[in-house]
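Subject: Structure handover

Hi,

Here is the structure we talked about. Please load it before reading on.

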Amino acid sequence: MVESINNIYETIFKELKNYLQDNSLYNLYVYKKEPNNKLFPIVVIKELFNESNYTTLKYTDEIYYIDLEINVYAIQYNEVSNMTICNELTYLIEKFFKDNYKVKVNVSKDVANLDTSVYRNIVNVYFKVETKYKDKLIISPK
């Protein structure tokens, strides 16, 4: 079961990466940590928090609480503003999580960045994973 829980981040990372690459107008780069190369637009998907609680006195069922932080960076490309690119990618990320997982999504737009030519949004995703059905994990809002 723990193996399945640990694979959730990997699964969501791959699904979101494919979704963004298939649906975005821009040639974007998706990473798990901040990259050394600075090719834009960049989406960085990090797992911030993973905690669990038992839900029964038998200690058989657990609920895992998982938080993701997704940083979206963009610079101006041709005649398209950095804000437009970043907001389009942010919209796709929100749509992905709401349509596929129905989980809680918070968006912070125009987050301060050291390089003022780079526009940045942060998307925080919060969800829980229940193990009460043993063979099937249930993902729901936190």
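My notes on the fold, the aromatic rings and some single residues follow.

This is a predicted model, in which local features need pLDDT of at least 70, side-chain atom pairs count only at pLDDT 80 or more, and totals for chains, interfaces and linings use all residues. Residues are numbered from 1 along each chain as its sequence is written, and side-chain values use heavy atoms, with hydrogens and water left out.

Overall fold

The protein has two helices and six strands. Their order from the N terminus is α-β-β-β-α-β-β-β. Both kinds of element are DSSP runs numbered from the N terminus: H or I over at least four residues for helices, E over at least two for strands. Of the 142 residues, 41% are buried. Buried is under 20% relative accessible area, exposed is over 50%, and partly exposed is in between (1.4 Å probe, protein chains only). The exposed surface comes to about 8,400 Å², with 50% of it from carbon and sulfur atoms. Areas come from the Shrake-Rupley method with a 1.4 Å probe; for residues, only the protein chains shown count as cover. Take the contacts between residues at least 6 apart in sequence: 53% of them join residues at least 24 apart. Contact here means heavy atoms within 4.5 Å.

Helix α2

The 19 residues of α2 should span 27 Å at 1.5 Å a residue, and the end C-alpha atoms are 27 Å apart, so the two agree. The expected span is 1.5 Å times one less than the number of residues. Buried residues in α2 include Ile-85, Leu-89, Leu-92, Ile-93, Phe-96 and Phe-97. An α-helix has 3.6 residues a turn, so residues three or four places apart point the same way. Just after α2, Lys-102 takes a positive phi of about 55°.

Aromatic rings

Rings of Phe, Tyr and Trp (its six-membered ring) pair if their centres lie within 6.5 Å; planes under 30 degrees apart are stacked, over 60 edge-to-face, the rest tilted. By this rule there are five aromatic pairs. Tyr-19 and Phe-96 have ring centres 5.3 Å apart and planes at 45°, so the pair is tilted. Tyr-19 lies in helix α1 (residues 2–23) and Phe-96 in helix α2 (residues 82–100), so this pair ties together parts 77 residues apart in sequence. Phe-96 is buried, at 3% relative accessible area. Its ring centre is 5.0 Å from that of Phe-97, with the planes at 85°, so that pair is edge-to-face. Phe-97 is buried as well. Ring pairs link Tyr-19, Phe-96, Phe-97 and Tyr-101 into a cluster.

One charge also sits over a ring. Lys-32 lies over the face of Phe-13, 5.1 Å from the ring centre. The rule asks for NZ of Lys or CZ of Arg within 6 Å of the ring centre and within 35 degrees of the ring normal.

Strand β3

Asn-71 lies in β3 (residues 62–74). Its relative accessibility is 0%, so Asn-71 counts as buried. Its side chain makes polar contacts with those of Glu-69, at 3.1 Å, and Arg-120, at 2.8 Å. A polar contact is a pair of N or O atoms within 3.5 Å; within protein, one must be able to donate a hydrogen and the other to accept it, and residues adjacent in sequence count only if both atoms are side-chain atoms. Beyond four places in sequence, the contacts of Asn-71 include Glu-34, Val-43, Lys-46 and Ile-122.

Asp-67 is also in β3. At 11% relative accessibility, Asp-67 is buried. Its side chain has a polar contact of 2.8 Å with that of Lys-142.

Not counting residues up to four places away, Leu-68 touches Tyr-9, Ile-12, Phe-97, Val-125 and Phe-127, among others. Leu-68 and Val-105 are 37 residues apart in sequence, and their C-alpha atoms are 9.6 Å apart.

The β4–β5 loop

Lys-109 is in the loop between β4 (104–108) and β5 (119–130). At 48% relative accessibility, Lys-109 is partly exposed. Lys-109 and Asn-87 are 22 residues apart in sequence and 7.9 Å apart in space, C-alpha to C-alpha. Leaving out residues up to four places away, Lys-109 touches Asn-87, Tyr-119, Arg-120 and Asn-121.

Best wishes
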